[in-house]
Amino acid sequence: MKNIGFIGLGVMGSPMAGHISNAGYSLKVFNRTKEKSELWSEKYSGKVSLSPAELAEGCDMVFLCVGNNQDVEEIVIGKNGILEGIKTGGIIVDHTTTSSVLARNMSIRSSEKEVSFIDAPVSGGEIGAKEGTLTIMAGGDEEAFTSCLEVMSLYSRFCKRMGDSGTGQLTKMVNQICIAGLIQGLAEGMHFSEKAGLDTKGVIEVISKGAAQSWQMENR
């Protein structure tokens, strides 16, 4: 069984890493806030590392889910970053929502070390992470992507490679554009309901059973 590393134990990353741990993989974890690592290790089985480089040593795959572009860059190519520790032929899978430009740059820098980089942002939120029902849109080398499917399936219900590096992040942008319009419409509807003096909770109950139903309405 492959040796796995997971970096970023926040709202999304903690349950995602938990699914990997529960599946019995040899897992190492790292979080910049040590307290989060300690809280995670009280619930799941896995070795807590002191840096991304230490975590990456001996790992076949390293997954990360952090905050933004700068975080990913620091964790992957910074001092004591993943590329300082991961072995040749290793795979980095980034579940952070970032820019497609960053994803392509990280892929180039990783390939210089003979390491594959997959940009794989997720959709489904905290609920999806906890229930293992996330949707993953990925970009990068097809063979590397296929190698990671077994692990990613532990916390997702659908995972698709969209093309070369950066296409995962571009697909996530489309996802966010669609969601933004929907949330705006929902907000306008709820505002109208309040202004009209309706029982908004009751309104939601009714219209969620008809054509207006959506995941955002039911979960947000």
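Trainee: Where do E126 and K130 lie, and how many residues apart are they?

Mentor: Both lie in helix α6 (residues 125–131), four residues apart, about one turn of the helix, where helices are DSSP runs of H or I with at least four residues, strands are E runs of at least two, and both are numbered from the N terminus.

Trainee: What should I know about the model itself?

Mentor: This is a predicted model, in which local features need pLDDT of at least 70 and side-chain atom pairs count only at pLDDT 80 or more, while totals for chains, interfaces and linings use all residues. Residues are numbered from 1 along each chain as its sequence is written, and side-chain values use heavy atoms, with hydrogens and water left out.

Trainee: How many salt bridges does the count come to?

Mentor: Five, including one between D71 and R32, whose closest N and O atoms are 3.0 Å apart. That pair links distant parts of the chain, with D71 in helix α4 (residues 69–77) and R32 in the loop between β2 (26–30) and α2 (34–43), 39 residues apart.

Trainee: Is D71 buried or exposed?

Mentor: D71 is buried, at 11% relative accessible area, whereas R32 is partly exposed at 48%; buried means under 20%, exposed over 50% and partly exposed in between, with a 1.4 Å probe and protein chains only.

Note on methods. A salt bridge is a side-chain nitrogen of Lys or Arg within 4 Å of a carboxyl oxygen of Asp or Glu.
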